[in-house]
Amino acid sequence: MSSTAASHRDKRSLDYALRSGLAGGLAGCLAKTAVAPLDRVKILFQASNPDFQKYAGSWTGAFRAGLAIYRDAGARGLLQGHSATLLRIFPYAAIKFMAYDQWRPLLIPTPDYETNIRRFAAGALAGMTSVTLTYPLELIRVRMAFDSRMTSTTGRPSFVRAISHIYHETAVSPTSPSTSSSTPKQIFDRFPILKFYRGFTVTVVGMIPYAGTGFLVWDFCRAYFYPVVDGKAQRPSVGADLAIGAISGAMSQTASYPFEVVRRRMQVGGLTRPDRWLGWGETARAVYASGGWRGFFVGLGIGYLKIIPMTGISFAAWQGFRRMLGL
């Protein structure tokens with residue numbers, strides 16, 4: 001039996017899934033580390049951290065914000081929250097790419113089923129599967145990156161301290177009686193684990209255009225520029241994989257960015273409004289009130305600076321690790 005036939009036979013096996021997940025996890029960690037400082041600044045902009053709003057709105061603002069972080073906390077400040085990022089990104093990327101390798105042949109069993117809608121659906125389902133299983137780690141990472149202040153008693157925010165802070169968040173007394181503010185308090189007190197899922201629904205919805213568009217563009221470009229000839233798929237170069245991945249990243253970021261801004265605001269809601277479970281509508285109205293429609297795209301420039309190289313590296317590394325692992 002040829003190696004090609006064997007690979008098709010083994011795609012549903014546990015061994016194939018584990019190797020696929022390992023390739024995706026390593027690729028995700030490599031890509032995320034390359035852009036970690038930009039990620040820190042972007043979160044501060046998106047979540048409207050009051051110490052950094054003066055830098056938002058310009059291309060040079062990201063650079064000046066990075067310098068401010070470096071002057072205050074050194075190089076470690078630029079990587080604040082990165083430990084939580086790596087703890088999250090390995091399982092997140094591993095599950096995402098592994099799920100894609102499982103969803104794609106399920107939705108596209110033969111070339112006759114190869115449509116852009118099915119490509120989009122395979123990517124969206126892979127992203128939703130991954131984010132559902134790893135969301136608490138994402139929330140912890142955002143909280144660590146959002147905290148821009150260091151104190152003599154607590155020092156630099158840590159992973160364990162962020163978990164403890166989220167778990168022990170308690171509602172403050174509202175200025176006026178309100179059932180809308182007391183009900184979430186009762187829910188949080190009864191089910192503290194829900195505190196780790198602030199912004200989860202908007203994250204899942206935003207993942208549909210993000211992962212769906214990303215994998216659609218990736219799959220389409222590879223099929224268009226490197227078609228199957230005489231039953232054999234052409235192998236793109238590393239440079240081609242970087243370029244196609246970068247394009248898919250730019251497209252997916254644009255399609256999903258308003259959801260990401262709303263998600264960040266909801267994720268830090270426990271710091272800004274611990275007495276409330278902020279809903280979609282309320283958060284979106286707050287974003288619009290503070291910056292109009294442009295408020296939904298604050299930080300998009302730095303988002304491109306981050307997502308284009310990150311996605312290019314991620315997809316190219318994924319393919320490289322797949323080849324190393326014999327997939």
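Modeller: Let us begin with Leu 22.

Biologist: Is Leu 22 buried, partly exposed or exposed?

Modeller: Those words rest on relative accessible area, found with a 1.4 Å probe and with protein chains only: buried means under 20%, exposed means over 50%, and partly exposed is what lies in between. Leu 22 has a relative accessibility of 35%, and therefore counts as partly exposed. Please keep in mind that this is a predicted model, in which local features need pLDDT of at least 70 and side-chain atom pairs count only at pLDDT 80 or more, while totals for chains, interfaces and linings use all residues. Residues are numbered from 1 along each chain as its sequence is written, and side-chain values use heavy atoms, with hydrogens and water left out.

Biologist: In which element is Leu 22 placed, and which residues make a nonpolar surface patch with Leu 22?

Modeller: Helices (H or I, at least four residues) and strands (E, at least two) are DSSP runs, numbered from the N terminus. Leu 22 has its place in helix α2. A patch is made of residues with over 30% relative accessible area and no salt bridge, where nonpolar side chains (Val, Leu, Ile, Met, Phe, Trp, Tyr) are joined within 5 Å and like charges within 9 Å, and its area comes from the Shrake-Rupley method with a 1.4 Å probe, with only the protein chains shown counting as cover for residues. Here Leu 22, Leu 26 and Phe 90 make a nonpolar surface patch of about 210 Å².

Biologist: Which residues of α2 are buried?

Modeller: An α-helix has 3.6 residues a turn, so residues three or four places apart point the same way. In α2 the buried residues include Tyr 16, Ala 17, Ser 20, Gly 21, Gly 24, Gly 25 and Gly 28.

Biologist: How far does α2 reach from its first C-alpha to its last?

Modeller: The expected span of a helix is 1.5 Å times one less than its number of residues. With 21 residues (14-34), α2 reaches 30 Å, close to the 30 Å expected. Helix α9, with 26 residues, reaches 37 Å, close to the 38 Å expected.

Biologist: Where does α9 bend?

Modeller: The bend at a residue is the angle between axes fitted to the seven residues ending there and the seven starting there. α9 bends by about 30° at Met 207, and the proline Pro 209 follows within four residues.

Biologist: How many salt bridges does the structure hold, and which residues are linked in a network of them?

Modeller: Side chains of opposite charge can pair when their charged atoms come close. We call it a salt bridge when a side-chain nitrogen of Lys or Arg is within 4 Å of a carboxyl oxygen of Asp or Glu. The structure holds seven, and a network of them links Arg 104, Glu 114, Arg 119 and Asp 219. In one of the pairs, the side chains of Asp 219 and Arg 104 meet at 2.7 Å, N to O. Because Asp 219 lies in helix α9 (residues 200-225) and Arg 104 in helix α5 (residues 82-107), this pair ties together parts that are 115 residues apart in sequence. Arg 119 also forms a salt bridge with Asp 219, their closest N and O atoms being 3.9 Å apart. This pair links distant parts of the chain, with Arg 119 in helix α6 (residues 116-146) and Asp 219 in helix α9, 100 residues apart. Glu 114 and Arg 119 meet through their side chains at 3.2 Å, N to O.

Biologist: Which residues does Ala 124 touch?

Modeller: A contact means heavy atoms within 4.5 Å. Ala 124 lies in helix α6 and is buried at 6%, and, leaving out residues up to four places away in sequence, Ala 124 touches Ile 208, Ala 211 and Gly 212. Ser 252, in helix α10 (residues 238-267), is also buried, at 3%, and on the same terms touches Tyr 210, Thr 213 and Gly 214.

Biologist: How many helices and strands does the chain come to?

Modeller: The chain comes to 13 helices and two strands, and buried residues make up 48% of its 327 residues.
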